[in-house]
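Please consult the sequence and the structure alongside the text.

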Amino acid sequence: MQLAPSLLLLALATACVATPPADPIDRARALHAQLPVIDGHNDLPGRIRERTRVNFDTCDLSKPCPEFHTDLPRLRTGGVGAQFWSVFVPASTEAGGDALERTLEQVDLVHRMVRQYPEWLELAPTAADVERIRTQGKLACMLGIEGGYSIEGSLPALRLFHRLGVRYMTLTHTLTTAWADSSTDEPRHGGLAPFGEEVVREMNRIGMLVDLSHVSDDCVRDVLALSKAPVIASHSSARALANHPRNLSDELLAAIGAHGGVVMVNFGSNFIDPVSAEQAARTLVVQRELKARFPDKADYDKALAEFRATLVASRGTVELVADHVEHIARVAGVEHVGLGSDFDGVGSLPEGLDSADLYPNLTRVLIERGWSDANLRKLCGENVLRVLREAERVARASN
Ligand SMILES: [Zn+2]
């Protein structure tokens, strides 16, 4: 039988419609090819500074770099299309007085990295640039400052960091700063001090996201009461599943969701595995006690090493990371969950998710648990893109 031309075209068109791959890992990879991951936090710049004194000749990121969790080929295999690079300097620089200078050096390092690999990387000033760069098959790069002490109390420095590509600032790191309380230190401000409020208002005005990872619960509440733009937690998981003060309680997850923000799940064992989290939280308390008991550093180091020898290693698995994703999606809403690996910033990672090429494993687990493509797209990047666009809108409206 001969088909009429219109029927023939219809038959051909039907045959050409791609059916989704049946195998979940192939489906995960196909999904990442369509909508690459936007990851909230990667500490590779800090590791490069420590290991190589910033020499891209001895440390070629376009080749496999097994000493790191991250290199450019593995990010590509992992389906990552945009990365917030952390420009972290230690919280002790606040007392040392060199936080601003060292943060500028880290920003310079990321700019040099982007210039060194133009085939792979491009700086993304806006959400629209993120989308454009991803469609060109390159990795869109944004910067995140980890610790508000980096601006040394200067709003002009904050504004200039924005001009250098910094699109979020985590208000604290492990220590309480001059104007914001940390989740892992003694509170001094009941959350956010008056200058901290000025910083948040200025971040709203210039379009820089406020990052609530690391800050105290009261500080989260203060920021949510104040911020006109939605916020992120660039690398935090659920405290209900892994009881570490760095993770977010259900009350705060729900509040960040209700405010329109995104919580980006940290993959580190200390933040996803209940045994590791409990030990890490206990270590913080013991460190404080030992510091009070042993003023001499050698005595303190010895006592801490003895305590650490009593801890057990517990890495967790990629399934456990999926549990955090699902918990946050349930409590905050599926529009309010994202991914913030903390690759190269944590010592231990779970089985199946211990380097930057393995994001499709997490997506595979979620597909096996029945996640739709639409919800996976939200998790992998649409949610954080929405928050970036909204922060840009708030900035335009306030200028
Ligand atoms: Zn961190």
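Which residue of strand 8 is the bridge partner of Ala-233? The partner is Val-263. The model is predicted, so local features require pLDDT of at least 70 and side-chain atom pairs count only at pLDDT 80 or more, whereas totals for chains, interfaces and linings use all residues. Residues are numbered from 1 along each chain as its sequence is written.

**Strand 8 and its neighbours**

- Strand 7 (residues 232–233) pairs with strand 8 (residues 262–265) in the parallel sense over two bridges; strands are DSSP runs of E with at least two residues, and helices are runs of H or I with at least four, numbered from the N terminus.
- Between strand 7 and strand 8 the chain passes through helix 11 (residues 250–258) in a right-handed β-α-β crossover, meaning that the path from the first strand over the helix to the second runs clockwise when the strands point away from the viewer.
- Strand 8 is also parallel to strand 9 (residues 337–339), with three bridges joining them; pairing requires at least two DSSP bridges.
- Leu-339 in strand 9 is the bridge partner of Val-265.
- Val-262 and Met-264 on one side of strand 8, and Val-263 and Val-265 on the other, are all buried (20 or more other C-beta atoms within 10 Å of the residue's own, with C-beta atoms placed from the backbone).

**Domains**

- The domain assignment gives domain 1 (29–271 + 316–398) and domain 2 (274–314).
- The C-alpha centres of domain 1 and domain 2 are 28 Å apart.
- Eleven residues of domain 1 are in contact with eight residues of domain 2 (C-beta atoms, placed from the backbone, within 7 Å).

Notes: A residue is buried if 20 or more other C-beta atoms lie within 10 Å of its own, exposed if 12 or fewer, and partly exposed in between; C-beta atoms are placed from the backbone. Domain bounds come from an automatic or database domain assignment. Two residues are in contact if their C-beta atoms, placed from the backbone, lie within 7 Å.
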